Amino acid sequence: MLEAVTATRRFGVGARPGELTAVADDPKGWVLAQLSAATRGEEAGLPGSREIVHTLVHIYARQPELGISETASLMLDYTRQVFDAERRWRLGAALSTSTPLIERLVWFWSNHFTVSVEKSTDVRATAGSLEREAVRPHLFGRFRDMLQAVARHPAMLNYLDNLVSVGPNSPYGLRNGRGLNENYGRELLELHTLGVQGGYGQQDVIEVAKALTGWRYVNARAATSGAFVVADSWHEPGSVVVLGKTYPQEGEAQGAALLDDLASHPATARFLAWKLARHFVADPPPPELVQAVEEAYRESDGDLAVVVRTLCTHPLSWSLPARKVLPPWDYLVAVHRALDLPAVDGADAMLGLMGQPTWMPQSPAGWPEEDEAWASPLALLLRMGWVEELAGAWPDIDAAARARDVLGGALRAETAQALCALDRPQALALFLASPEFQRR
């Protein structure tokens with residue numbers, strides 16, 4: 001039964017009642033079967049990024065008629081509606097999923113390609129669609145395809161300022177005195193591909209920024225508003241040289257070729273393998289596991305299905321003890337699933353109090369992996385207060401039975417004994433606050 005717990009927690013989002021029993025016969029097979037499952041992003045019934053941008057552009061175009069204040073209010077209302085709908089769908093997908101490995105991978109890659117909705121109205125409106133359009137469809141494809149999709153998405157183009165990056169020698173740059181914005185070029189190398197130890201320098205950052213000048217989307221009042229486009233008049237002319245390789249292509253082809261090469265670079269394989277092993281298994285990750293995942297990436301040319309299969313079948317992924325503290329989002333989902341609850345009122349507010357509001361990381365590096373970020377005395381106190389409130393609202397749940405159901409052999413004898421000695425609300429709060437429930 002311990003392998004079933006590992007399957008549902010290390011490679012899942014926490015068991016629902018009865019799930020451990022269903023998984024127990026073949027935990028590894030249950031995990032691997034999800035590699036061929038649909039990712040469901042297209043089934044959300046939510047507007048796509050192009051429709052969202054199109055709507056915002058047309059609201060803004062009414063400013064002469066409506067005035068600045070009313071226009072801003074309409075844009076804010078629409079953005080809030082979209083953002084709230086995205087958050088509800090994301091939580092609903094996590095609570096109802098029968099393929100939890102997919103949700104975990106979505107969260108991992110969404111954090112890898114972080115955007116923060118605090119940046120601007122446009123990012124707030126499109127952050128959810130970045131997950132659905134650029135991440136979910138590519139979970140089990142090649143990394144280069146996900147990288148290319150993210151680089152063209154409005155949320156990323158806005159968040160890392162590529163939307164305002166102009167080739168200084170382009171027609172637009174010469175005419176208006178505009179120049180490069182290096183933000184996306186820097187984070188693309190440091191956070192999205194090679195990693196900080198990837199062997200690049202400041203000149204490489206500049207050259208990458210040049211290659212991606214003009215990558216933007218149509219934000220004028222037109223039928224094509226929201227569509228990705230490379231503005232030739234903004235693109236820096238001429239070749240660029242990155243990591244010693246010359247890219248002589250023109251326009252979009254230059255940046256696309258560069259992104260493909262970054263995705264195939266050995267440093268990218270090493271960096272992504274380290275991040276995956278660290279996120280799913282242990283911090284710091286075992287070198288043997290990192291090496292196996294890195295080799296799978298390189299030999300398959302970044303085939304993420306092969307990479308995830310290697311991660312999920314390696315002996316160390318199943319033998320190492322559960323030590324990683326669940327971040328607030330993962331904890332909130334695990335609590336809901338363990339109690340078999342729909343999304344409770346105040347879930348989003350609770351995430352904010354616990355320090356992980358949806359799509360609001362404090363830097364392009366995303367949410368931290370270190371336990372210290374989530375296991376401070378204040379953070380644990382906030383969790384305890386929340387689960388005590390939940391336990392009071394659901395006093396009929398038998399905590400001892402539920403703990404055995406969703407934790408199986410991971411339930412410690414002292415916890416089981418304590419659960420039987422308390423009244424039901426107290427026992428339920430203790431179960432949800434126990435170390436074995438809060439770690440994976």
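This is a predicted model: local features need pLDDT of at least 70, side-chain atom pairs count only at pLDDT 80 or more; totals for chains, interfaces and linings use all residues.
Which helices are included in what covers the buried residues of α1?

The buried residues are A4, V5, T6, A7, T8 and R9. To answer my opening question, their cover includes α2 (19-23), α3 (27-33), α7, α18 (315-319), α22 (399-407) and α25 (435-438).

Let me turn to the nonpolar interior. In soluble globular proteins, nonpolar side chains tend to be buried together. Here the largest nonpolar core has 121 residues, and W109 and F431 are those with the most contacts inside it. The greatest contribution comes from helix α19, residues 328-339, with eight residues in this core. There is also a second, separate core of seven residues, with L56, I59, M75 and A125 among them.

Leaving aside residues up to four places away in sequence, W109 touches V135, L139, F143, M146, L272 and L304.

Helix α7, residues 100-112, packs with helix α15, residues 266-280, at an angle of about 125°, and their axes are 12 Å apart. That angle makes α7 oblique to α15. The crossing of these two helices is right-handed. On the α7 side, the contact is formed by L101, R104, L105, F108, W109 and H112, which meet F271, L272, K275, L276, H279 and F280 of α15. By class, the residues of this contact divide into eight nonpolar, two polar and two charged. As for the spacing of such positions, an α-helix has 3.6 residues a turn, so residues three or four places apart point the same way.

The second pair is α4, residues 49-60, with α6, residues 68-96. Their axes come within 9 Å and cross at roughly 165°. The angle makes α4 roughly antiparallel to α6, because values over 145 degrees count as such. This crossing, too, is right-handed. From α4, the residues E51, I52, T55, L56, I59 and Y60 meet T71, L74, M75, Y78, T79 and V82 from α6. The contact has eight nonpolar, three polar and one charged residues.

Finally, the backbone. Most residues other than glycine have a negative phi, and most peptide bonds are trans.

P284 is placed in the loop between α15 and α16 (287-299).

D161 belongs to the loop between α10 (154-159) and α11 (171-176). Is D161 buried or exposed? Its relative accessible area is 17%, and the cut-off for burial is under 20%, so D161 counts as buried.

Notes:
Residues are numbered from 1 along each chain as its sequence is written. Side-chain values use heavy atoms; hydrogens and water are left out. A nonpolar core is a set of buried Ala, Val, Leu, Ile, Met, Phe, Trp, Tyr and Cys residues joined through side-chain atoms within 4.5 Å. Buried means under 20% relative accessible area, exposed over 50%, partly exposed in between (1.4 Å probe, protein chains only). Helices (H or I, at least four residues) and strands (E, at least two) are DSSP runs, numbered from the N terminus. Contact means heavy atoms within 4.5 Å. Axes are lines fitted to C-alpha atoms, for helices over the stretch in contact, and angles run from 0 to 180 degrees between N-to-C directions. Angles under 35 degrees count as roughly parallel, over 145 as roughly antiparallel, 65 to 115 as roughly perpendicular and the rest as oblique. A crossing is left-handed if the near helix is turned anticlockwise from the far one by less than a right angle, and right-handed if clockwise. Ala, Val, Leu, Ile, Met, Phe, Trp, Tyr, Cys and Pro count as nonpolar, Asp, Glu, Lys and Arg as charged, and the others, Gly among them, as polar.
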